2 protein chains.
Amino acid sequence: MLPSHARTGLCLLTMLASSMTRAFQRALPRVSRSAGALSRVLPRAAEESSIPRCHRSSTARLMSTTAESRADLSEEQKTELEGKIKDKGDAIRRMKDEGISKEDLAPHITELLDLKAQLDPSAAAPKPAKKNKQQQKSKKKQQTDDVESDYITPRAENYSKWYNDIIRVCELAETSPVRGCMVIKPWGMSLWDQVRNDLDARIKDHGAENAYFPLLIPKSFLSKEAEHVDGFAKECAVVTHHRLTADPSGEGGLIADPEAELEDPLIIRPTSETMIWNMFKKWIVSHRDLPLKMNQWANVMRWEMRTRPFLRTSEFLWQEGHTAHATAEGAIKDSKDMLDQYADMCEKLLAIPVVKGAKSPSERFAGAEETYTIEALMQNGWALQSGTSHFLGQSFGKAFDVTFQDSDGSQQMVWGTSWGVSTRLLGALIMTHSDDAGLVLPPRVAPVQVVVVPIPAKKNDEEGKAELENALDKLVADLKGSGLKVKVDDRDYVRNGAKYFEWERKGVPLRVELGPRDVKGGVCVFKYRVGSEGKETISLDEVAAKATAGLDSVQEFLLDSAKERLAGNLNLMATYDEMKDALEKDEASEYDGPGLYLVPWKCDAANEEKIKDECKATIRCYPTDVNEAGMHEGKKCFYSGEDATHMALFGRAF
Amino acid sequence: MLPSHARTGLCLLTMLASSMTRAFQRALPRVSRSAGALSRVLPRAAEESSIPRCHRSSTARLMSTTAESRADLSEEQKTELEGKIKDKGDAIRRMKDEGISKEDLAPHITELLDLKAQLDPSAAAPKPAKKNKQQQKSKKKQQTDDVESDYITPRAENYSKWYNDIIRVCELAETSPVRGCMVIKPWGMSLWDQVRNDLDARIKDHGAENAYFPLLIPKSFLSKEAEHVDGFAKECAVVTHHRLTADPSGEGGLIADPEAELEDPLIIRPTSETMIWNMFKKWIVSHRDLPLKMNQWANVMRWEMRTRPFLRTSEFLWQEGHTAHATAEGAIKDSKDMLDQYADMCEKLLAIPVVKGAKSPSERFAGAEETYTIEALMQNGWALQSGTSHFLGQSFGKAFDVTFQDSDGSQQMVWGTSWGVSTRLLGALIMTHSDDAGLVLPPRVAPVQVVVVPIPAKKNDEEGKAELENALDKLVADLKGSGLKVKVDDRDYVRNGAKYFEWERKGVPLRVELGPRDVKGGVCVFKYRVGSEGKETISLDEVAAKATAGLDSVQEFLLDSAKERLAGNLNLMATYDEMKDALEKDEASEYDGPGLYLVPWKCDAANEEKIKDECKATIRCYPTDVNEAGMHEGKKCFYSGEDATHMALFGRAF
């Protein structure tokens, strides 16, 4: 019988069984099972639709021509032009990749702009005389950048570049002028807000209350917990002055005012244990004050040298929970319960299966006795630590002298935990589901679940217009009435194809098209982002029910697919040499890497370090369920040959 | 006909009319109108209840005796002891206020502790032998602090102290070890979360999307907008290093690592115009990108020398909206619309009426062409600026070179706005409604709207216990089913009186008491925090409907009372000498000060400065409605005697 906290999250034991079976099924294509499951639950795709497939191969901006320009060209001419533009754009990208000089590239850019101008005359409108050279230059630069700005590198070509492209093209985030700090753009922010809403309710159910603690921490606080200071003093932003003043050198700039130097510098919180335990000391007097559970949603800062959007940035957003308990058991249970909540949230909301486990001693949080983690597998076979929960023992209780009077009148030292997840989860979300066409969002976390694209009636068809408008209103009301998040894209200056393309890229799970002919037939057209290839014709009476059921199926499909990938990437009983061969050559840029290795292991920090040097692999965790089931017992460590103390999950990680 | 944005918020013109009428009604007691209004809407109070009134005069901690200790004393003995404790506590506070030495105070403290020990023997339990001297000392200090920790200074005695007491005793916030930064405790945080939820929906309706911009700003950004740098460079936290290292002096401390000095120092954002306009430059190309509306919920920092919790702290939480427009008209409309949203939120959610207007040129935001403000009146007659919205003109557009291509192909400079409200609103909330007994919360913003206190059945009455439990479950389900936020306080170690006292202090609008006798009678007892004095007996069948209606009435009552106070504090057509006489003597600590002065005014920064020196009063705003109605026309400035350009609202302010 597994412990209760193994119920949520992925059960490795089950996976292992399926991993064995798989060896005998190599002939079967990998995604067949999931795809089969989906076709059972999703409504049957309509017969090959007469509506042409959207022009995936072209780019959104190229297709965003004005409504006016459409009138000048036939649909055929436009399609031909779009094809040429696409080919020219691809050629330019190739040349740029090959390092062509700006001079040699210029005529190709001109050619491309000419093609674009044919499609959309406004792009070649004569520039007003007033415009100065500087403006012209910057505008030109912008157009050149545009050419590559909506290109998504295929994963198989360069996984790292694909990741960055997705973030840029789908407008999730952008680098800022401050090293290592990102701007989270609205589409990315709304994903984080969804995570926040879901998790905030779980945290409250868990018994923690939200509070807010200062951004700045006296540097002396860091020194109080010996391990903590080692872990965090090395990479923090230090505030030393409280005023700027004019540079006396007379260059017109500003300098930190030497007269406004702080007596004791402050650091921007890298995490808030020290500040919060300093307050806990005041708040905790009696056993009746325990457990005390606090959470804050905040920004934190760790000065990172190598940053990647969402995965590792100097500033990031997170929630940090901090709890105080009368007993070690209470604290351990709290940290494990919260890990279960994280795992459940990942599965239910983000459709990301995770492996739960404990970190090896060398990977623990600075100041923790035990660090529990959820590890997710990314599409390239690397792991991503997606959330952690720490049993702090009495380390912070002792460092900040936090005691309580027990019911027998004796003074006792307090036990603690802390736990957090961050905007890093958005990196996990992207790298679990998205594809070469753009973002893929599980319906439950999608800021827009259904985008409705009305296809306008002809200019003189007043009756058709009115009918369409009525049908559209009713359709949207039906969908919203079922609690779905709906957006109507009725921009009149963007072509339908470009709209389809844009919302597919942004990962909206379901598109509904509604045109005058559909309205007359009492139907509309459904197209899912993933899970089924074709379009489906749906009766207008059934829209809400079908959309709800279909989105549920998509959610299930994405989770099933991710579970399948995780099971498929789990290498069991590999020798050390096999793992080394596979991992040392692996790079993040290589799509579909070697994955995770579950092996018998004798816990040993020195050997761990050696393996890291040799294979670039780390112990992601000692998975909870297989270790509790005693799977390592009687086995020898795959590295040292000594008696195994754990089953360890090794892998490359972001 | 008033412009549409005068519809929400308080209409000064209406107030002026009622202000005139009031002169003839001096004989009437001030609150009679509101009280009358409430008695019409609130259910009639029950006959004088047989349940004794809660012991307001005692303190929560003193009453939090253990269930065990209760058994030793009769109710009469306990009440007597509580009275003695209260008297001794009051005496000690008086002595402390008068500056008694610690030595002279010590015997009184001992006496008080002895009394407390009689009420609760565990307080005097022998200390375990292990406990060291340091611990004993700190515990003793804590107990001494406790004596004054739940005392609320009456407003009439010292308004400032009352404000600080409310914040401490109701556990809204606490000072932190970092100068000027506060810890927002859960009760305060849940109020801010309510404001955030309400306002976030309004901001989205307004068309703005949430995003997140970096905490740190390159100092060179500040210099780009000439006025902005003057306004914000003087009071900011400067980050100069990115690492701490061991102090080479060998004292074991940490210092900013000289080798990790930043080439270009960064400042912690005091506001984000510069960072956001730097991004707007990238994002705005065409007129189709406009209007662009962004909002972020964030922490900001301004190095304040004199701080007060919520009203003025170095770090505070806020939302900041930033919008870009193609035309000045579009930007002005946006900033006014958002001000209307703020005013409406204050009225509907927080029951705070506000005066809307424009700031005088010298009080404008650094870099704005016009600053719109909402000003609220606090109970002591002072004003509190509660939210601002700025029309930025093209100042940031020009500073960051943000242009767009108009539909005619020409390049145009972008217009801007910014707008924000902060945790300062919680200060406004406290000082608008609360009283000497503690916090008063309008039901719509209360984190707990109804607290249910079950009165336990006798120990052996198993049937009574079961009946009570069933009735309690149903009552809570009914209340929650009506969408009310309900908390059941079933702590068995706190006496009922102490519970009543605690929740009254925390401002919960409605308390429901339910005991075994009530259950048998099919009733429960309602007690509102404000609006009606007595308790009411309510049939259990009607609980949800009565509570909903009653809470609506309380919300209305609080808004009416605040409107009445604002009208009553509006001094019209005072001479300058009259205003000077009243205001120069006024101090924040004097409760019920002189209030606001609406006078004809010739806009003049030098005179404004003189008045500030002479009366400590500032122009809170040029109120929108009276100025649009041309009330100043044909009048002479009350200070200079020149032709008036505006009607100005003068007052002291926090």
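B:Gly393 counts as buried, at 1% relative accessibility. Here buried means under 20% relative accessible area, exposed means over 50%, and partly exposed lies in between (1.4 Å probe, protein chains only). B:Gly393 sits in strand E13 (residues 383–393) of chain B. Helices (H or I, at least four residues) and strands (E, at least two) are DSSP runs, numbered from the N terminus. Leaving out residues up to four places away in sequence, B:Gly393 touches B:Glu369, B:Val414, B:Trp415 and B:Gly416. Contact means heavy atoms within 4.5 Å. B:Thr417 is 24 residues from B:Gly393 along the chain, and their C-alpha atoms are separated by 7.5 Å.

A word on the source. This is a predicted model, in which local features need pLDDT of at least 70 and side-chain atom pairs count only at pLDDT 80 or more, while totals for chains, interfaces and linings use all residues. Residues are numbered from 1 along each chain as its sequence is written, chains are lettered from A and ligands numbered from 1 in the order in which they are written, and side-chain values use heavy atoms, with hydrogens and water left out.

Stay in chain B and look at a charged side chain. B:Lys356 lies in strand E11 (residues 354–358). Is B:Lys356 buried or exposed? B:Lys356 is buried, because its relative accessible area is 8%. Its side chain makes a polar contact with the side chain of B:Asp340, at 2.6 Å. A polar contact is a pair of N or O atoms within 3.5 Å; within protein, one must be able to donate a hydrogen and the other to accept it, and residues adjacent in sequence count only if both atoms are side-chain atoms.

Helix H17 of chain B covers residues 496–505. Eight of its 10 residues are buried, so H17 is largely enclosed by the rest of the structure. The buried residues of H17(B) are B:Gly497, B:Ala498, B:Lys499, B:Tyr500, B:Phe501, B:Trp503, B:Glu504 and B:Arg505. B:Gly507 follows H17(B), with a positive phi near 85°.

Two other residues of chain B have positive phi without being glycine. B:Glu171 has a phi of about 55°. B:Glu171 is in the loop between helix H8 (159–169) and strand E1 (173–175). Its relative accessible area is 36%, so B:Glu171 is partly exposed. B:Phe310 has a phi near 70°. Its place is the loop between E9 and strand E10 (315–325) of chain B. B:Phe310 counts as buried, at 2% relative accessibility.

Next come the cis peptide bonds. One joins B:Leu290 and B:Pro291, with omega about -10°. B:Pro291 is found in the loop between H12 and strand E9 (292–301) of chain B. In chain A, a cis peptide bond joins A:Leu290 and A:Pro291, with omega about -10°. A:Pro291 lies in the loop between helix H12 (273–283) and strand E9 (292–301) of chain A.

Now take chain A as a whole. Chain A has 22 helices and 25 strands. Of its 654 residues, 57% count as buried. Among contacts in chain A between residues at least 6 apart in sequence, 73% join residues at least 24 apart.

Helix H21 of chain A (residues 605–615) has A:Asn607, A:Glu608, A:Ile611 and A:Cys615 as its buried residues. They cover an arc of only 105° around the axis, so they lie on the same side of H21(A). The arc is that of the directions from the helix axis to the C-beta atoms. The buried residues of H21(A) pack against helix H20 (576–584), strand E23 (596–601), strand E24 (618–623) and strand E25 (646–651) of chain A. A:Asp604 caps the N-terminal end of H21(A), with a side-chain oxygen 2.9 Å from the backbone nitrogen of A:Ala606. Just after H21(A), A:Lys616 takes a positive phi of about 60°.

Finally, the two chains meet. The contact takes 74 residues from chain B and 74 residues from chain A. The size of an interface is often given as the accessible area lost when the parts come together. Chain B and chain A bury about 6,300 Å² between them, 64% of it on carbon and sulfur atoms. That area is the accessible area (1.4 Å probe) that two parts lose on being put together, summed over both.

How many salt bridges does the rule find across the interface of chain B and chain A? The rule finds two. A salt bridge is a side-chain nitrogen of Lys or Arg within 4 Å of a carboxyl oxygen of Asp or Glu. The side chains of B:Glu174 and A:Lys282 meet in a salt bridge (3.6 Å, N to O). Between chain B and chain A, 22 residue pairs are in polar contact (both at pLDDT 80 or more). Helix H12 (residues 273–283) of chain B gives the most to the side of chain B that touches chain A, with six residues.
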